[in-house]
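Open the model in your viewer and keep the sequence panel beside it. The stops below say what to select and what is there.

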Amino acid sequence: MKVSKYNFFYKGDSDNEWVLFNSRTGALSQIEQEYYDALQNLEKRGIPIQDEEQCKQLKVNGYILDDDVDELALVRYAFNKDKYDSTSLSLTIAPTMQCNFGCVYCFEKNSDHGSRMNVEVSEKIIDFIQRKASTTSSLHITWFGGEPLLHVDIIYSLSQKINEICEENKISYSANVVTNGYFLTKEVAQKLVESKVDYVQITLDGPQDIHDTRRPLLGGQGTYKAIMENVIACADIIPIVVRINVDVQNYKRINEIIDVFKENNVYDKVHPYLGHVEDANDSYETSKCLSLERYSRFNLDFMLQNKQDITADYPKPMGAYCGANMTNAYVIDADGYIYKCWNDIGIKENRVGSLTDKNFEGNVALLNQYMLYDPTLDNRCIECKYLPICMGGCPSRRLENVESCVEQKYTLDQYLPECLRVILSKKSANGEEKSDITE
């Protein structure tokens, strides 16, 4: 037997306890000193673990393996299995690239904003899904933009046809809308629910005086009041995820938004989380962005301070990082052009295909950069213990030669012990016994 290269050890709450995490299997355990000593003796001195039960528990969680197991090969298998999965189809669809906002950091400000999606493109999307239906078991759609609710009728119309295809072919369907929230009225929210949209994500940038300077209407008028009123009015109709963008200029005042949710009795109904403002497509000054490490630590403090369920952010082992690395994931703009990453949408030179023009070749070189990348062959990643929960990180950031690692890289030491306390507390509340190894 040998010790996994993906083990993380952190001191527990007592001198006799350790927190043990394996990034390849996702196992999280509280172990006694004897388990820790056994693992250290095996790794550093080659002393076999004599206790059969102890050995069994450590092996089932992936903390130890047979000598002939190539762990990197297991990670590569998980990556390729996800990358080439043809049973799950993921589409990001922009009914329009137009937007009523003029956000200061918009990564699409240099994009071709075009017009609303026409009937031909809508029909091509339905044809595309229909052709995929026989081999698809699950379909997820993200309605994107621009601002998708500018032409929400397209979402209603396409959703009806897509749901019919899914019902006929017994395909599991899910959907969400990424919107600025300005047009999210009660009527729209109810129609989205009827269209089987599971949730909407809207964005705020802090209290009104900050938000209105960063996310105004194209004419310069403020938007905070309308968005907050919509969130409060619609919280009982459709699940709302609130992304709160943070950078150097606003991070100290983020909790003022949480206070407003609490004052209006919707904090338990909306799901706020922090978003890292980045310099995507030269859209924002790098000096105004928090470093990934600083953002990561602030984000964890934010979750703890606001008593959020931190287990929801558990660092699970993954396959491909996102759709940009996956064969069966596509981003489609209002003109029917196809992209691999939604950071590329609207940028003509980054199109990799077209639904309406069979002769359009697209940017093959960019497509290859996304699809042929393998983090298990990347010299920057091969020896990294975070690889199974990162898989090379954001493909777009990697191509821009900026740090692409996942944020957990900087907070696991604080996050995992705290996460384990929450898990053990829930077990105790449910009357479950605590064992030497807690999965």
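Predicted model: local features only at pLDDT ≥ 70, side-chain atom pairs only at ≥ 80, totals over all residues.

**Stop 1: the sheet**

Residues are numbered from 1 along each chain as its sequence is written, and side-chain values use heavy atoms, with hydrogens and water left out.

Strands (E, at least two residues) and helices (H or I, at least four residues) are DSSP runs numbered from the N terminus; two strands pair if DSSP finds at least two bridges between them.

Next select strand β6 (residues 88–93), which runs parallel to strand β7 (residues 138–143) and is joined to it by six bridges. Here isoleucine 93 has tryptophan 143 in β7 as its bridge partner.

Now colour the whole open sheet: nine strands in the order β11-β10-β9-β8-β7-β6-β12-β13-β14, with mixed pairing. At the edges are β11 (270–276) and β14 (353–354); each has a single partner strand, so one side of each is left without a neighbour in the sheet.

Select helix α8 (residues 224–234), which packs on the sheet and touches β9 (199–204), β10 (240–246) and β11. Contact means heavy atoms within 4.5 Å. The direction of α8 makes about 150 degrees with that of β9; axes are lines fitted to C-alpha atoms, for helices over the stretch in contact, and angles run from 0 to 180 degrees between N-to-C directions.

For an antiparallel pair, select strand β12 (residues 329–332) and strand β13 (residues 337–339), which share two bridges. Valine 331 has tyrosine 339 in β13 as its bridge partner.

**Stop 2: two helices**

Select helix α1 (residues 33–45) and helix α2 (residues 52–60), which pack at an angle of about 75 degrees with axes 11 Å apart. That makes α1 roughly perpendicular to α2 (65 to 115 degrees). Show side chains: Glu34, Tyr35, Ala38 and Leu39 in α1 meet Gln54, Gln57 and Leu58 in α2. The residues of this contact divide into four nonpolar, two polar and one charged. Ala, Val, Leu, Ile, Met, Phe, Trp, Tyr, Cys and Pro count as nonpolar, Asp, Glu, Lys and Arg as charged, and the others, Gly among them, as polar.

Key
Parallel < 35°, antiparallel > 145°, perpendicular 65-115°, else oblique.
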